[in-house]
Amino acid sequence: MSAPEELGHAQGTTDILLARAASFAARRRVAGGGSARPASPATGVAIVACMDARINLEAIFGLAEGDAHILRNAGGVVTEDIERSLAVSQHALGTTEIILIHHTRCGMETLTDDGFRASLAERTGVRPTWRLQSFTSAAEDVWRSVTALRSSPFLRASASVRGFVYDVETGELDEITESPQSAASAPTQATA
Ligand SMILES: [Zn+2]
């Protein structure tokens, strides 16, 4: 088996990662981490983010084991399952704040619902029943998602919900505090 440094796309990478995991468990044991932390996140925060491999949430927010719930999917979009997980996070495990993150150069901005589903059906012979939930503007979709979470009947009305676009080049977060569309439109124009 190749050394851990030789991570690639060949089959067998999982075995390399498993060797790292065994070493992690040994180091954790030595460091006194032999017992589990409380299941309720220490920060009271749940993060919803795109699965993009360039977004290192633990590093960005300085999070350690036990600190936060991290929910990720393609796009960081609010699906029924994200809402389900956030309901558990808030009502069973006590979180009170949500941070939602999309990012620059997201692949979801380059795919279309119909196009991706058609190409998947062509490749696999099965047409997916789920929607891709792609979007054309990360900022607009962040705002739409923040608004949806704030009005979800299953989430605490008092919970904080804030949304951001992460820049994969600079590592900076840009908070979206209003609809990008209304911000860009003429002052006299009514909000859509
Ligand atoms: Zn993405």
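Reader: Which residues does H103 touch, leaving aside those up to four places away in sequence?

Author: In this predicted model, H103 touches C50, D52, I55, A138, V165, Y166 and V168. A contact here means C-beta atoms within 7 Å.

Reader: What makes H103 count as buried?

Author: The cut-off is 20 or more other C-beta atoms within 10 Å. H103 has 23 C-beta neighbours inside 10 Å, so H103 counts as buried. H103 sits in strand β3, residues 97–103.

Reader: Why is C106 called buried?

Author: The test asks for 20 or more other C-beta atoms within 10 Å. C106 has 23 of them, so C106 is buried. Leaving out residues up to four places away in sequence, C106 touches C50, D52, G75 and A138.

Reader: Where does UniProt place the feature "binding site"?

Author: The unreviewed UniProt entry places this feature at C50, D52, H103 and C106. Such annotations may be inferred rather than shown by experiment.

Reader: How do you know that these residues cluster in space?

Author: They are spread over 57 residues of sequence, yet the largest C-alpha distance is 8.5 Å.

Reader: How do you know that the span of helix α5 agrees with its number of residues?

Author: Helix α5 has 13 residues, 138–150. The expected span is 1.5 Å times one less than the number of residues. That should give 18 Å, and the end C-alpha atoms are 18 Å apart, so the two agree.

Reader: Which residues of α5 are buried?

Author: They are A138, A139, D141, V142, W143, S145, V146 and L149. In general, an α-helix has 3.6 residues a turn, so residues three or four places apart point the same way.

Reader: What covers the buried residues of α5?

Author: The cover includes β3, β4 (160–166), β5 (173–176) and α6 (180–184).

Reader: What is the order of the five strands in the open sheet?

Author: The order is β2-β1-β3-β4-β5, with mixed pairing.

Reader: Why do β2 and β5 stand at the edges?

Author: β2 (68–73) and β5 each have a single partner strand, so one side of each is left without a neighbour in the sheet. From one strand to the next, the twist averages 25 degrees.

Reader: In what sense do β1 and β2 pair, and over how many bridges?

Author: Strands pair if at least two bridges are found between them. β1 (residues 45–50) and β2 have six bridges, in the parallel sense. Within this pairing, I47 has I70 in β2 as its bridge partner.

Reader: Which strands does helix α3 lie across?

Author: Helix α3 (residues 80–91) lies across β1, β2 and β3, and runs at about 175 degrees to β2. Helix α5 packs on the sheet as well, touching β3, β4 and β5. Its direction makes about 170 degrees with that of β4.

Reader: What is the pattern of the chain along the sequence?

Author: The pattern is α-β-α-β-α-β-α-α-β-β-α. That comes to six helices and five strands.

Reader: What does the domain assignment of the chain give?

Author: It gives domain 1 (1–35) and domain 2 (38–184). Their centres, taken over C-alpha atoms, are 28 Å apart.

Reader: How many residues does the chain have, and what percentage is buried?

Author: The chain has 192 residues, and 23% of them are buried. Its C-alpha trace spans about 65 × 45 × 35 Å along the principal axes.

Terms used:
Residues are numbered from 1 along each chain as its sequence is written. This is a predicted model: local features need pLDDT of at least 70, side-chain atom pairs count only at pLDDT 80 or more; totals for chains, interfaces and linings use all residues. Helices (H or I, at least four residues) and strands (E, at least two) are DSSP runs, numbered from the N terminus. A residue is buried if 20 or more other C-beta atoms lie within 10 Å of its own, exposed if 12 or fewer, and partly exposed in between; C-beta atoms are placed from the backbone. Two residues are in contact if their C-beta atoms, placed from the backbone, lie within 7 Å. Domain bounds come from an automatic or database domain assignment. Axes are lines fitted to C-alpha atoms, for helices over the stretch in contact, and angles run from 0 to 180 degrees between N-to-C directions.
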